[in-house]
Amino acid sequence: MWQFYYVVAYPNERWTWPNFNSPLVWDATAIGTYLTSSIVFLYFGMIPDLAICRDTATGFRRKFYWFLSLGWQGTDRQWANFRVAYLTIACFLIPLAVSVHSIVATDFAVSQQPGWHITSFPPYFVAGALYSGCAAIITLFIILRYVFRFEEYMTMPILDKTCRLTFAIAMVWTYLNLIEYASVWYGNDVYAKETLIYRATGLYAPYWWAMNFLGSVVPFMLAFKSMRNNLTIMMVVSLLLNMGMWLERFMIISPTFAHGYYPWTWTSGWWPSWVQWGIVLGSFGWFSMLFMLFCKIFPTVSMYEVKEMVYHRSEARKARNL
Amino acid sequence: MSKVHTMALFNDFEEAGNALQELKDSNLAGFRMQDVTIKSPIEHPELSALLGPRPVYVQLFTLFGAVFGAITGFTLIASAQANFLLQIRGGRPVVPIPPNMVLTYELFILCGVLMTALGCFIGWKLPGNRSPLYNERVSEDKIAILVKADSAAITAINAIFTRHRSLEIMGEYD
């Protein structure tokens, strides 16, 4: 994190600019753009709900929500501007999500290292990001539904659709994985082929097979409606998928470090030190803490969207009865 | 003639819509539909349509932001590349277009998003322009109609509100 300075696109004290042709510089910019745009999108969508919080809260909380709701009163002019702006930002974010994951993939793909120099990496990373994101959504969906008793808002049809989407993305991810294996296997790059064989048979074999099993076989459980309707099974499946996706990232990095071009750089197995494990666990801790704080302070279900849904359903019911 | 604000609260969109329609048809002296504001917990395009056209200019901000971001991004990168003291490029271009497109694209999106948000805030006239009357029951699914009109017209307007079963009428002088 403290080396972030070296990839941000501004000159250092010797007036040396970073290499703008390097994907590392692209990555820093893409992540910065993604973070900023996502925060704007998240906050923007919450403004009508923050105004509801302001109108019902008391004391310092009222001041807090008053400040954040930016004077929202739900006027026709505010709604019209809000709709256009929210939709526009959403339209920007979709290609941005594709670009940011493609650029992260380019960090690896433009290098010459065996196991990383792979053409299909950008779509593979995009599919992987969507896949792990959907799996995480299923996990958090079930937890929030249980903890906050959100059965009426987080309904089973929504979970069902999310599971179907996850299954579809899992199949795309599996397809891209198979493309990678096939192109390396039938290609002329002996180093890449050796690295692939090393992954499947060497020190990392249990993790490689576990990744393929968890990422490509376990999602078939999502294909069955009876499974999708069982929250306990879905919770277990989503955790397994998350684990598979974590192993995917681990398997991208580690075997190439341990088994690169030069035999004298080979190790008996690169394994994270306790410091690195601490960073991983710490990041999980930070995420959990920030997520729980968010759930405590901000609305976890979009209230105005639920109101819109209820209103339009009641109008449709009225129209049917007429 | 002094201008007066009056705001009525309604139970649902139907009653508010009826009141609005009667206001529109009334042709009261000292009253214009442009001075009517609806406050609602959700967007209601049919009700807003009664108020007449109210253009939204957010897209112009978006266009400006996106174009500005792309041009500025490319110019900054290209000028930095052109200003390297030593250009040991081995025949490759000093300002290569394809790799520069990546950062140009990122700045295109970043500036587009930020200007969209700014355009929306300007469209809301925030933070300076707060509507003079507000009722917190709008957050509890009630609908408010705020009218700015000549003081002479206000009695007739309030009578229309009352006729359409308004829950509460609030007033304030400029």
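Chain B of this predicted model is split by the domain assignment into domain 1 (3-53 + 128-173) and domain 2 (58-124). These bounds come from an automatic or database assignment. The C-alpha centres of the two domains lie 45 Å apart.

Next, the overall form. The C-alpha trace of chain B spans about 85 × 30 × 25 Å along its principal axes. Its radius of gyration, taken over C-alpha atoms, is 26 Å. A compact globule of 174 residues would come near 16 Å, by the rule of 2.2 Å times the number of residues to the power 0.38.

Now the elements. Chain B has five helices and four strands. Here helices are DSSP runs (H or I, at least four residues), as are strands (E, at least two), numbered from the N terminus. Their order along the sequence is β-α-β-α-α-α-β-α-β.

Turn to chain A. The contact between the chains takes 40 residues from chain A and 43 from chain B. Two residues are in contact if their C-beta atoms, placed from the backbone, lie within 7 Å. On the chain B side, strand E2 (36-39), helix H3 (58-82) and helix H4 (97-124) each supply at least two residues. H4(B) gives the largest share, 16 residues.

Within chain B, consider contacts between residues at least 6 apart in sequence. Of these, 85% join residues at least 24 apart.

A note on conventions: residues are numbered from 1 along each chain as its sequence is written, and chains are lettered from A and ligands numbered from 1 in the order in which they are written. Local features need pLDDT of at least 70, side-chain atom pairs count only at pLDDT 80 or more, and totals for chains, interfaces and linings use all residues.
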